[in-house]
Amino acid sequence: MQIEIRGNHFILLTQRAIFWEETQTLLIGDLHLGKITHFRKEGIAIPPNAIDNNFKRLNELVQTTGATRIIFLGDLFHAQYNAEWDLFKTWRTAHHYIEMLIVIGNHDILPVSLFLEADLEVHMNDFEEGDFLFTHHPKVDAISEKFIFAGHVHPVFTTYGKGRQSVRLPCFVIDNHQAIVPSFGVFTGGFQMDLAKDRKIYITTETKVFSVC
Amino acid sequence: MTKSPGHSIAENWFKSKKWKWAAFQKEAAEAYLDGKSGLVNAPTGSGKTYSLWVPILIRHMNERSNKELKAKRGLQVLWITPLRALSKDLFRNMETAALEMNLTWRVGIRTGDTNTKDRSDQKKQMPDALIITPESLHILFAQKNSSETFKNLHTVVVDEWHELMGSKRGTQTELALARLRSLKPDLQTWGISATIGNLEEAKHVLLGMKFPVSKSAVIKANTDKKILVESIIPPRVETLPWSGYMGTRLVDQVVEVVNQSKTTLLFTNTRSGTEIWYRTIIDKYPEFAGIMALHHASLDREIRDWVEEALHDERLKLVICTASLDLGVDFRPVDTVIQVGSPKSIARFIQRAGRSGHRPGVDSKIYFCPTNALELIEAVSLREGVVKNMLEDRPPIAHAFDVLAQWMMTLAVGEGFDEAQLFEEVCDAYGYQYLNRQEWEWLLGYITTGSSSLQVYDEYKKVERVDGIYKVTSRRVALRHRLSMGTIVSETGIKVKLQSGKYLGTVEESFVTWMKPGDVFTFAGMTVEFVRIHEMTVSVKKAEGKKGFLVRWAGGRMPLSSQLSTFIRERLADAIENPHKELELAKMRPLLELQASRSMIPKTDQLLIEQCETREGYHIFIFPFEGRLVHEGMSIILAYRISKLTPITFSVAMNDYGFELLSDQYVDFEKIMNEVDLFSTKHLVDDIYQSVNATEMAKRKFREIAAISGLMFQGYPGKNMKTRQLQASSSLLFTVMSKYEDNNLLIKQSYQEVLTYQLEEVRMRQALDRIANQKIIVKQTRKPTPFSFPIMVDRLREQLTSEKLDDRIQKMIKQYSNAD
């Protein structure tokens, strides 16, 4: 599904990411890499092969969009350093031709040097480009003139139908000044979003993105 | 019985107390002193404790007088009780008896309430007899010297075994008993149980698989106490609503009954129910202030203790309670019991009735207060059940891998275990008799490598294998396990505290999240104002005179038991023909006539189906009268089988009498029934698993399993922040584990629990077989009927669909925009 913001074109993808056509950039939020290994280190037996799925979907995205740049909207890595970081570095090296940026999220407690070492451009707070601002925490008051892209929330939305039906799915939340992307990681939960004035919600299944309103 | 020295002392003791050594107590003493194990079946207040405690003392006295059998010191007797509240009373009775027989026996208590000093004293020197909960017993096994602790143990008594057996705490007890039997092969094990349908099985579960039947006994107390059942009936039946489950419209009649009695217990089925009743009575009858109290599981321990003590001391006229007072010590002043709403099972009803009239020769009387008009039929059914003494079974839990995983960890934290030996030991427990090597190895993998394979080498850390012994070496892992042991999994409780500092109890997180300062709610019988929330504690202040929200707690709704539903089907079919047989039926007549005119009242060889259309869509109501769990299962099966014929989505609702399939499309039910056998038992389990709901239900079951098996860590006491990086909801764990690991036993267990406990598979098969021989009658109705209305207004709904997700969303979005 394609939407237009400030004259630019953005594709909302079923892999739970946004592709910015004008700059060939993927916007990805809340991967929470390292979370599974972190849990396992603490004796909580999450199946280790779930880790591969994040990378499988990343590969899919890179191949289908042909992106030349990725902006990670924070919470790339969930915990202190563990072996999953090395997997990420391997993946990064295999995609050395793609420019990658990160705006730091609350879970990104790794030393900045590790991000730099993995050839990521690090932005401690926000990253601005043209009319747009990329950050981790959504901004409550739109102080800036710029349109904001954020993560952090892990938004999901429940749709209702006749016969008292309902379905809960990850969603993109687009307000007048801000867009929130769904969380990308396999092992992440969700936060229920509500409809609001001037807000558009797009829910996504594994095959299709729908505009709710 | 030849009189041993101890026997004579005991006899004199009974005489000095002016008590009769009852026949069943003598019988139990004989069996015990004969070296047997088994079960004593006796109600509360009958002297069941002495039936075993006295012979234990006789044995001790005889061994003391026999020089060759010099009595040993240290822990000799374990007395397992399900309730901490019972332990004090038990302690008093046991210690007094020992003292009065001039014995210097030490009796101790070990529960979650035992303070650190007593614990460390016990570590140095165990008392001769220890009263303990299943949880605390497991904690003894998590200590490094556990086999030393149990060195001189010769007897274990499990109190209220019927109550423990059907729960995972029962499984916990089974595992501990299996271990104790392996440490002490001569161990004598006795259970004390109220009457249940499956007493023989209860004995088997208690004693394990290998125990020789010839060395066991079931001893029954002869009780011929009569139970009288009386309904509280409004002058006009129209006063009763068609649906509803609070019953407060009958408050005047209820208070009348209370006023005629000395002390009354009023049982409701939910915690919110007690709060509503308390409020209703105090508003209308302010004179009850100070002589009425509340008792439910979410109230602070101190408040509950106070209520129980006040009950003993005859300071209270009325206590409004939930199942929290089902068990426990006798409250002698209680002479009246009122049950509000369906008790769902005859055994529970009798148990509650038994809380009154403890004096010998006095009949127990229980009042039934219906909460809706149809429940009057339950009154007559309950009465019939009581007269015929048709008691329900308590089925034991089988294959609880979560409890077993926790037990393996517990032993690994303690002395460590040899896996082959432990495997054999565990298989001796009734609940694990069918455990196979493959499952066992998965569990070993789960606690050592965190996967089904024993050869994954990553940073997973839990149990290690050192010299063939599985043990935990990390102190952090051990501490964390000790903090998360147990099988009772509660919602994340938020404490409620008055600003003065007094704790009132707990509410659920979901209740607090939408509260603002200034909001008023009713809790612990008080109206309080929300001040602030800080670190899992809500501060409140009293706000008398204001109206407030009602606190709600999530809690499973009990299903109608199979025994009770059989009676209901029969009484209903009979009601139209013999309306004057009982008062309740005569009262119900107008309602039943309305049902008959709008639709019909099914005979026992008929199955009624009603269809009607409302603004909400197309309704199908089916009335098997089999209890809500079976109906849940049937609704899934039917919805799935219909949806295989055509893409359709149903939302389903059910109560104890029937269930509803609601859809946005009309279903020609009669035509479909000619094409497929909707009620067939063929492919039953497959059809359930195929439906989307099975996954949703399993996900919910998984919450408890994840917590018991150690996947969810609640955090160190007072250190919530430290574990923040370790929070994951059980539904997320479920999704990831079922997607990325084949044959995960814990996932499998959650499906199995859905099948066995949630949908009562066995009972559902019986019901489907019965339906196969019934005539199915489909009625098109223009209006909802007395039968269908209560289901229709139920907001708790499940969904079933065979439409593609993408198509459904398209449709919903379209319907949504049409509505604008």
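This is a predicted model: local features need pLDDT of at least 70, side-chain atom pairs count only at pLDDT 80 or more; totals for chains, interfaces and linings use all residues.
The size of an interface is often given as the accessible area lost when the parts come together. For chain A and chain B, the buried area amounts to about 3,900 Å², and carbon and sulfur atoms supply 56% of that area. In terms of residues, 45 from chain A are in contact with 46 from chain B.

Three salt bridges are found across the interface of chain A and chain B. A salt bridge joins B:Arg476 to A:Glu42, with 3.0 Å between the closest N and O atoms. Polar contacts across the interface of chain A and chain B comprise eight residue pairs, with both residues at pLDDT 80 or more. On the side of chain A that touches chain B, two or more residues each come from the helices α1 (35-41) and α2 (50-65) and from the strands β11 (155-161), β12 (165-174) and β16 (209-211) of chain A. The largest share of this side is that of α1(A), which gives six residues. Sorted by class, the side of chain A that touches chain B consists of 19 nonpolar, 18 polar and eight charged residues.

Within chain B, helix α3 (residues 48-65) and helix α4 (residues 84-100) form a crossing pair. Their axes come within 11 Å of each other, at a crossing angle of roughly 40 degrees. The crossing of α3(B) with α4(B) is right-handed. From α3(B), the residues in contact are B:Thr49, B:Tyr50, B:Trp53 and B:Leu57; their counterparts in α4(B) are B:Leu90, B:Asn93, B:Met94, B:Ala97 and B:Ala98. Seven of the residues in this contact are nonpolar and two are polar, while no charged residues take part.

Over all chains, the structure holds 51 salt bridges. One of the pairs in chain A is A:Glu128 with A:Lys146, where the closest N and O atoms are 3.9 Å apart.

Positive phi values in residues other than glycine occur at A:Asp119 and at B:Glu314. For A:Asp119, phi is near 60 degrees, and the residue lies in the loop between α4 (112-117) and β7 (121-123) of chain A. Phi of B:Glu314 is about 60 degrees; B:Glu314 is located in the loop that runs between α13 (301-312) and β11 (318-321) of chain B.

How values were computed. Residues are numbered from 1 along each chain as its sequence is written. Chains are lettered from A and ligands numbered from 1 in the order in which they are written. Side-chain values use heavy atoms; hydrogens and water are left out. Axes are lines fitted to C-alpha atoms, for helices over the stretch in contact, and angles run from 0 to 180 degrees between N-to-C directions. Helices (H or I, at least four residues) and strands (E, at least two) are DSSP runs, numbered from the N terminus. A crossing is left-handed if the near helix is turned anticlockwise from the far one by less than a right angle, and right-handed if clockwise. Contact means heavy atoms within 4.5 Å. Ala, Val, Leu, Ile, Met, Phe, Trp, Tyr, Cys and Pro count as nonpolar, Asp, Glu, Lys and Arg as charged, and the others, Gly among them, as polar. Buried area is the accessible area (1.4 Å probe) that two parts lose on being put together, summed over both. A salt bridge is a side-chain nitrogen of Lys or Arg within 4 Å of a carboxyl oxygen of Asp or Glu. A polar contact is a pair of N or O atoms within 3.5 Å; within protein, one must be able to donate a hydrogen and the other to accept it, and residues adjacent in sequence count only if both atoms are side-chain atoms.
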